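Work through the exercises below with the sequence and the 3D view at hand. Each task is followed by a worked solution.

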Amino acid sequence: MGFLDICFLVLLMLKIAAAQPFTDPIEVDALNKIIDHWNLRSKLNLSTDPCNRNAPWAPEQANPRVACDCSATICHITHLKIYALDVSGEIPKELFVLKELMDLNLGQNVINGTIPAEIRQLSKMQYLSLGINNLSGPVPPELGRLTNLVSLSFGSNNFNGPLPSQLGNLVSLQQLYIDSSGVNGPIPRELSNLKSLEILWASDNRFTGKLPEFFVNFMNFQVLRLEGTLLEGPIPSNYGALNKLQDLRIGDLHNEDSSLDFVENLTSLSILSLRNCRIIGQLPEKLSSFGNLEILDLSFNKLTGQIPRSFQDFASLRFLYLGSNNLNGKLPPNIMSSNLTALDVSFNSLSGELTSKRSGLSMNVFGTSISDRTSDGSKASSTLSCLQGNTRCLDIASSSSSFINSGGTETESADGTKYDNDSETLSAASFYMSPSNRWAVSSSGIFISNPHGQNYIAETGSQITSTLDSELYKNYGGKYKVELHFAEIQMDDSHSWKGLGRRLFDVYIQFRAARYTKLPLCAASGEGPDHNGLLYAAIPCISIRGRKFLEDFNIQKEAGGSKRALVKTFEANVTNRVIEIHFLWAGKGTCCIPFQSTYGPLVSAIHVIQVANNGGSSKSKKKRVGIIFGIVAGSAAGVLIVSSVFYLWWANRKGPIHMRIATESPTKG
């Protein structure tokens with residue numbers, strides 16, 4: 001090759017190089033300032049042009065990620081991902097210089113402050129994720145200017161005030177994730193314009209008013225999750241037109257009753273959870289023909305009549321939860337021969353006999369008249385019958401105290417107290433009686449999408465502070481008593497995004513006579529407990545039983561941090577023989593921090609001890625206390641954990657006595 005040829009080749013290469021597009025210098029400067037603002041230089045050091053397609057931050061799976069769209073001469077940053085890197089501080093103003101952004105993912109960090117009004121400048125945005133952060137203030141109406149949005153997420157934050165009506169301008173929106181965001185007030189009517197909406201997660205917000213009828217406009221609706229709010233029923237009948245729904249979860253509706261008539265055309269459903277929605281009427285037989293329905297939770301409603309015999313042929317159903325209703329009649333004899341994995345019919349006036357339980361099926365028939373011939377031991381069966389109120393409780397071994405290490409092995413505390421082993425493996429609907437026949441535990445429920453499977457005991461290897469009995473707090477299950485030992489071991493309190501989780505649940509206590517109806521009673525003029533928690537009325541209905549001693553109880557907040565011991569005690573004058581304690585997850589708190597299905601009540605140890613009326617030691621009295629613990633834990637479809645602890649009291653079989661049990665009035669967590 002001659003000299004002239006070499007010169008020509010060099011000039012050609014220089015010309016080609018000069019024609020390569022480069023990133024807009026203004027955007028490069030802004031990106032560098034964002035990196036420094038969030039201390040990301042060690043993870044995103046721009047050694048080359050940010051839009052270099054061969055850079056390590058360019059692939060779709062990279063994190064942090066920067067990606068661009070380029071013309072022949074210039075590139076613009078269109079994708080920015082800073083996901084789960086624990087960046088902190090406010091959103092920098094330089095972010096809004098990147099006006100070509102189409103995909104911004106800042107999820108799972110600890111970003112604080114407000115969403116600046118300048119967010120309106122990112123008008124080309126299609127995917128915006130701000131979920132699981134520490135953002136506060138009102139949700140800015142300027143979000144309504146991002147009319148190209150397909151997906152918007154700002155759940156699990158600390159916003160306040162109502163949803164801005166301007167969100168109704170997002171007519172291209174398909175996915176909206178606003179659960180646990182902190183917003184309140186009515187759901188704006190303007191959202192009826194979101195006719196492309198397919199997914200709405202809106203649980204754990206303080207929404208008020210009626211459940212919106214305009215949801216019927218969302219004809220492409222596939223997923224609706226709306227639990228733990230202050231919304232009122234009824235469920236609008238026009239929801240029956242939403243025949244593309246696959247996952248419908250509504251819970252905790254107030255005031256008016258609802259009907260199940262609307263579900264008959266929702267044949268695409270795979271999950272149907274309408275827990276505590278004041279649903280009346282009978283179970284529709286047509287449900288058994290739904291070919292995709294795997295999880296059905298209709299617990300804590302006012303359903304009447306029998307379980308349809310057609311449910312014996314429910315081919316797709318795996319989990320059926322009908323607990324705490326007014327169902328009656330006989331349990332269909334062949335319902336266990338279907339594909340069911342778990343069946344909960346507890347607290348219903350159901351009868352029948354279980355003589356052969358199919359392998360792999362777990363059941364909860366507590367609080368019914370169903371005779372379970374598959375359980376082991378006549379003594380255990382008589383204890384259960386006594387606990388359910390079918391017989392007088394005269395043959396149960398009495399004791400002056402009882403101690404349980406919930407979810408753990410037998411343990412001796414620092415003061416020498418021995419806590420019973422309670423490490424029995426539970427399932428989606430199961431019953432376990434202790435070897436002493438003095439306490440029992442039953443479980444009912446699943447956690448949907450839990451990456452760790454269906455675990456009913458949480459464990460930690462960490463040291464628990466503020467206690468000399470750390471071993472009591474390292475295993476947890478749904479097992480409870482009047483003196484409750486707590487510690488938060490799943491949600492940490494670090495400065496990471498993993499420390500942003502909130503666990504909230506309620507605690508109810510009710511005292512019942514030795515012979516009692518299996519259903520609570522509600523007055524025709526409205527329901528309400530007396531000073532002892534008893535519900536007096538003339539007509540039967542379903543409600544969460546007892547007086548609410550703790551509402552929105554947050555272990556971590558009250559203990560002052562995670563992995564710190566906390567003991568809550570309560571004072572009660574017991575004039576009857578049975579105490580029920582219910583632990584209820586009412587749809588509040590975060591659902592998915594640090595992983596999916598992290599929520600619901602936790603308790604570490606259970607302690608009941610006889611206390612003299614004058615506050616003296618129980619040893620100074622000859623009165624005896626017989627105790628049975630029966631815990632019903634329901635988390636059907638991963639949306640509910642309810643636990644009930646039952647105590648039977650008597651003194652030398654001479655009738656009920658008055659006792660003082662612990663010391664505390666209701667508080668709000």
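Predicted model: local features only at pLDDT ≥ 70, side-chain atom pairs only at ≥ 80, totals over all residues.

**Exercise 1.** Determine how many aromatic pairs the structure holds, and classify the pair of Phe218 and Phe221.

Solution. The structure holds 14 aromatic pairs. Rings of Phe, Tyr and Trp (its six-membered ring) pair if their centres lie within 6.5 Å; planes under 30 degrees apart are stacked, over 60 edge-to-face, and the rest tilted. For Phe218 and Phe221 the centres are 5.2 Å apart and the planes 85 degrees, so the pair is edge-to-face. Next, check burial (under 20% relative accessible area, 1.4 Å probe, protein chains only). Phe218 has 1% and Phe221 has 0%, so both are buried.

Residues are numbered from 1 along each chain as its sequence is written, and side-chain values use heavy atoms, without hydrogens and water.

**Exercise 2.** Find which strands stand at the edges of the open sheet of four strands.

Solution. The order is β18-β20-β22-β24, with parallel pairing. Strands are DSSP runs (E, at least two residues) numbered from the N terminus, and two of them pair if DSSP finds at least two bridges between them. β18 (280–281) and β24 (349–351) each have a single partner strand, so they stand at the edges. Three bridges join β22 (residues 326–330) to β24; in β24, Ser349 is the bridge partner of Asn328.

Conventions. Buried < 20%, exposed > 50% of the residue type's maximum accessible area, 1.4 Å probe, protein only.
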